[in-house]
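Thanks for making the time this morning.

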Amino acid sequence: MTRRSCAIYATGIVCAHLLIVGIALVVAQVFQTMIDSRLKKEITLTEKSQVFEAWKNPPPPVYMEYYFFNVTNPEEFLAGGKASVKQIGPYTYREYRPRENVTFLDNGTKIYALNPKSFVFVPEKSAGNPEVDMLTTVNIPFVAVMNELNSYAFLLRTVVSMFVKSWGVNIFLKRTVHEFLWGFKDPLLSKIHALKPDVDEYFGLMWKKNGTHEGEFVFYTGEENYLDYGKIYTWNNMSEMSWWSSNQSNMINGTDGAVFHPLISRNELLYIFAADLCRSIHLAYVEDVDVKGIQAYRFAPPEDVLMSPKDNPTNEGFCVPAGDCLGTGVLKVSVCREGAPIVVSFPHFYQADPKYINAIDGLNPNKEEHETYLDVQPVHSSISSPTSQMRTMLLILTLVSNFPLLIVAMGVILLLVLVVLFCRNRQKKVRPCPGSGLSP
């Protein structure tokens with residue numbers, strides 16, 4: 001056997017083995033199964049896991065952008081006209097959210113933590129100075145007090161209302177953005193505080209929320225089941241809430257929004273417990289997106305999250321008292337805000353009933369600007385901006401998971417080489433020798 005023939009046979013044998021092994025691995029998904037199994041063990045909240053330190057001290061920066069509606073015609077509105085607003089902002093703050101007092105419970109299957117949040121103003125990412133810019137908006141303390149008086153006798157309501165108006169307090173106030181956001185000493189609350197000391201005389205949307213936490217959390221570590229990774233076991237020692245009117249609405253579902261279980265699919269719903277909303281919400285898959293070179297899934301709250309109970313009966317439990325329901329796109333959270341008449345919605349009443357949007361001039365809800373969404377890397381469930389470590393890990397995972405395809409590709413290349421060698425060998429055998437032709 002010639003050296004060329006040996007090379008052809010060797011190439012054929014190697015090619016056949018590569019193709020057989022590669023196709024078998026692709027069909028059996030051996031490497032993908034190994035990777036998935038490894039991820040399920042690695043992505044847990046244990047001290048030696050790769051994600052634990054990032055969970056305790058999230059490395060990528062988080063920015064909170066605050067926008068406000070400035071009421072441009074308060075006098076006209078008080079005279080019976082339609083309110084007109086103009087959006088101002090953003091006022092951007094860097095948010096720091098380390099987890100403190102971290103303690104493992106129940107043999108490492110659960111973990112206790114506090115999550116204090118602090119905010120630092122970032123002028124270069126803001127559209128103005130919150131300590132200078134003035135804001136004319138609804139006087140929430142005044143509205144809360146007037147709402148509380150509804151439960152009192154008519155005569156008492158009239159007397160108190162006259163006193164309040166004599167103090168120069170009305171339905172609108174004018175304060176700096178900083179005061180309205182982080183707190184100021186309210187004249188009406190100060191007078192009430194003098195009579196009833198347990199009433200705080202300060203008011204602000206984020207009053208006492210800078211440097212404080214949202215409660216005590218106990219999470220599942222994912223040690224027993226990777227699907228439970230990061231899920232909330234209890235919040236403030238409660239496994240369920242009590243202020244809504246149905247058991248389903250009172251459930252504490254999902255995570256705190258910082259992490260999700262690994263190997264997320266497009267077909268599942270992601271659940272988040274939002275302490276500010278006093279409830280859990282779900283997010284559904286929207287589309288695949290690219291975040292700085294990293295492939296991710298975009299999840300967003302579907303329309304049924306804040307849909308009217310008439311269209312989505314499961315939301316009936318969020319009507320308190322039972323049967324007292326608002327329309328689509330808004331949620332009354334007075335039950336967990338000490339009775340204050342506070343209603344939440346998506347920005348500009350996005351996804352809300354048109355009657356709310358048409359009641360105010362200056363609103364322009366649209367998906368591009370006002371949709372709330374999360375971009376989640378489906379393999380390890382990160383929602384943060386991609387870091388160099390993440391990129392490296394994803395590159396390794398991609399190479400390993402595609403290893404069977406690389407084997408098949410090498411087999412195909414060798415098959416092409418084999419065909420070329422075989423054709424050249426046949427051409428050499430059939431080539432006529434010089435002088436072997438017949439003469440006439």
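Predicted model: local features only at pLDDT ≥ 70, side-chain atom pairs only at ≥ 80, totals over all residues.

Let me begin with the largest nonpolar core, which has 38 residues, and in which the residues with the most contacts are Trp55, Phe219, Ile232, Trp235, Phe273, Phe299 and Leu331. Several elements each supply at least two residues of this core, among them α3 (52-56), β4 (110-114), β10 (216-220) and β11 (232-235), as well as β12 (270-274). The largest share comes from β12, with 3 residues. As general background, nonpolar side chains in soluble globular proteins tend to be buried together. Another core, of 16 residues, lies apart from this one, and Tyr93, Phe119, Leu173 and Phe184 are among its members.

Staying with Phe273 for a moment, which residues does Phe273 touch, if we do not count those up to four places away in sequence? The list includes Phe217, Ile232, Trp235, Met241 and Ile252, but also Asn253, Thr255, Asp256 and Arg279. Ser280 is on that list too, and in the strand pairing Phe273 stands opposite Ser280 in β13.

That brings us to the sheet, which is open, has 4 strands in the order β12-β13-β14-β17, and shows antiparallel pairing. Because β12 and β17 stand at the edges with a single partner strand each, one side of each is left without a neighbour in the sheet. From one strand to the next the twist averages 40 degrees, and the antiparallel pairing of β12 with β13 runs over 5 bridges.

Elsewhere, strand β3 (residues 100-105) pairs with β4, again in the antiparallel sense, over 4 bridges, and Glu100 has Leu114 of β4 as its bridge partner. The hairpin of these two strands, β3 and β4, has 4 residues between the strands, and in that hairpin Asp106 takes a positive phi near 50 degrees.

Finally, the helices: the axes of α5 (residues 140-148) and α8 (residues 187-195) come within 8 Å of one another and cross at roughly 50 degrees, which makes α5 oblique to α8. On the α5 side the contact is made by Pro141, Phe142 and Val145, and on the α8 side by Leu188, Leu189 and Ile192.

Technical notes
Residues numbered from 1 in each chain as written. Heavy atoms only, no water. Axes fitted to C-alpha atoms, helices over the stretch in contact; angles between N-to-C directions. Parallel < 35°, antiparallel > 145°, perpendicular 65-115°, else oblique. Contact = heavy atoms within 4.5 Å. Core = buried A, V, L, I, M, F, W, Y, C linked by side-chain atoms within 4.5 Å. Buried < 20%, exposed > 50% of the residue type's maximum accessible area, 1.4 Å probe, protein only. Pairing = 2+ DSSP bridges.
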